[in-house]
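The sequence and structure come next.

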Amino acid sequence: MYAGFKPELRHFYNLPFLNSAVDYIKEHGIEIDRILSPDYEEARKRALERIKQALEGEIEKTNLGQSKKSKIENPEFESEIEVENKIKIKMENELFSYPIARAILSCIKDNYLIRRYAVMEAKASHNFIRNWLEEIKNNEGLERRNELTVWLCKELDIDVKEKEGIFVIHFSDYIRLSNTIGDPSWRLINRSLKRGMLKLTHPQLLRIIQEAIRQRVQHGLPLDVPANFCKSIELDEIIEELEKRKEMYGEIEYGPERFYPPCMRNAIRLIRESINISHTLRFALTSFLLSIGWDRGKILDLFRNLPDFDEKLASYQIEHIAGSTGTVYTPPSCKTMETYGNCVGRDKLCIKVKHPLSYYRVRLRKEKYEKRRQKSNRGD
Ligand code: SF4
């Protein structure tokens, strides 16, 4: 990092979980009892909006001038100082809305919402950082982009060094931050390790940063928040939206999904809670869902919940498993599922079957039999 670099508000207002952002918030004394004052009205509104956007699928992050060369709207009738002051207030509202959002999440105390918020905050930050660093590269050069990338890592307590455009990360940080990334290329055995350090490309490092953000945002939630704070915040809209989402997924308990084998129900639940699953489990689930008649679009929509969702790649993989190259793949047997650690939640029926598809068929047959039996008992 070049000598004398001192992060300013414009560097971290949109990345409120960075160490510098946390220090700024502490210095400006944002206390829980002050959050309810009129001074924080805009920040409170934005905090609620952050959570709603997370539920809807994307937290918006606006660039208010992260880079010195960003264009700042400057109507002719306002002096430069007035414009700068307005921007500072907007940046502070954006920054302060983050600890308020954490406090609100702590009032609702819903694990699904907390996980979803952390995933969406990390995703939006990843996109924001990528665009910002690209702008830096174009305006100030590659060296400056690399310096800022290493600074971001330091702010997130990731041990990374850069030399001549090559990034190396300490293996302990790599393991901590890559083990939830589904793609097999991230496995440690597929990487070369030298003196405890691993090489990463810039996009790979950005993906590691995304995971570090997700972990940091989720860490410590729910917090211990005073009841009077929770009572003063209008939570109905968020809770309603949350319930709607959960109802949509309630099908797993009450509809045909309850006949799916425990391993597949578990995989679906994890994805819906935006938790990454291994590559082998993705393959097993996709082939299982295709076999029982899910259409490709429905499977793609399910995978949209994943933190590392890539539409092009996911569509290609679904098409591939469905037989685009001439081979239609079938789901792995229970034995293979067990070998890869994907046999989760075995129940009584599991003991009698050797394949997840057999489990599903037996459950369907039992259901049909049960319905027929009830019908004849009623004398219909
Ligand atoms: S035994 Fe087979 S069907 Fe049951 S959970 Fe394991 S893999 Fe799935």
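Pro 261 counts as buried, with 28 C-beta neighbours inside 10 Å; a residue is buried if 20 or more other C-beta atoms lie within 10 Å of its own, exposed if 12 or fewer, and partly exposed in between, with C-beta atoms placed from the backbone. This is a predicted model, in which local features need pLDDT of at least 70, side-chain atom pairs count only at pLDDT 80 or more, and totals for chains, interfaces and linings use all residues. Residues are numbered from 1 along each chain as its sequence is written.

Pro 261 sits in the loop between helix H12 (251-254) and H13. Helices (H or I, at least four residues) and strands (E, at least two) are DSSP runs, numbered from the N terminus. Leaving aside neighbours within four places in sequence, Pro 261 is in contact with Pro 356, Tyr 359 and Tyr 360, a contact being two C-beta atoms, placed from the backbone, within 7 Å. The C-alpha atoms of Pro 261 and Ser 287 are separated by 14 Å, and the two residues are 26 residues apart along the chain.

Pro 261 also belongs to the surroundings of the ligand, together with Pro 262, Cys 263, Cys 334, Met 337, Cys 343, Gly 345, Arg 346, Cys 350, Val 353, Pro 356 and Tyr 359. A residue is near a molecule or strand if its C-beta atom, placed from the backbone, lies within 6 Å of it. At least two residues of this shell come from each of helix H13 (262-272), helix H17 (334-339) and helix H18 (356-378). The shell around the ligand has 10 nonpolar, 1 polar and 1 charged residues. In these classes Ala, Val, Leu, Ile, Met, Phe, Trp, Tyr, Cys and Pro count as nonpolar, Asp, Glu, Lys and Arg as charged, and the others, Gly among them, as polar.

## Domains and overall form

The protein has 18 helices and 4 strands, and its C-alpha trace spans about 85 × 55 × 40 Å along the principal axes. Buried residues make up 29% of its 380 residues. Among contacts between residues at least 6 apart in sequence, 74% join residues at least 24 apart.

The protein is divided into domain 1 (9-159 + 174-186 + 200-232) and domain 2 (250-378), with bounds that come from an automatic or database domain assignment. Their C-alpha centres lie 36 Å apart. The contact between them takes 12 residues from domain 1 and 10 residues from domain 2. On the side of domain 1 that touches domain 2, H6 gives the most, with 6 residues. That side divides into 5 nonpolar, 2 polar and 5 charged residues.

A nonpolar core is a set of buried Ala, Val, Leu, Ile, Met, Phe, Trp, Tyr and Cys residues joined through C-beta atoms within 7 Å. In the largest one, of 52 residues, Ile 51, Ile 100, Ile 104, Tyr 117, Leu 156, Ile 208 and Ile 209 touch the most other members. H6 gives the most to this core, with 12 residues. Beyond its neighbours within four places in sequence, Tyr 117 is in contact with Ile 51, Ala 54 and Leu 105. Apart from this core lies another, of 22 residues, among them Ala 284, Phe 288, Ile 299 and Ile 321.

Two helices that bear on this packing are tabulated below. The expected span is 1.5 Å times one less than the number of residues.

| Helix | Residues in helix | Expected span | C-alpha end to end |
|---|---|---|---|
| H9 | 17 residues | 24 Å | 25 Å |

H6 is followed by Gly 141, whose phi is positive, near 105°, and H9 by Gly 220, with a positive phi near 85°. The buried residues of H9 include Leu 205, Ile 208, Ile 209 and Val 217. These buried residues of H9 pack against H6, H7, S1, S2, H8 and S4.

## Backbone in the loops

Glu 164 is not a glycine, yet has a positive phi of about 50°. This residue lies in the loop between strand S1 (160-163) and strand S2 (166-170) and is exposed, with 6 other C-beta atoms within 10 Å. Arg 195 also has a positive phi, near 50°. Arg 195 lies in the loop between strand S3 (193-194) and strand S4 (197-200) and is exposed, with 7 other C-beta atoms within 10 Å.

The peptide bond from Leu 221 to Pro 222 is cis, with omega near 0°. Pro 222 is placed in the loop between helix H9 (202-218) and helix H10 (227-232).
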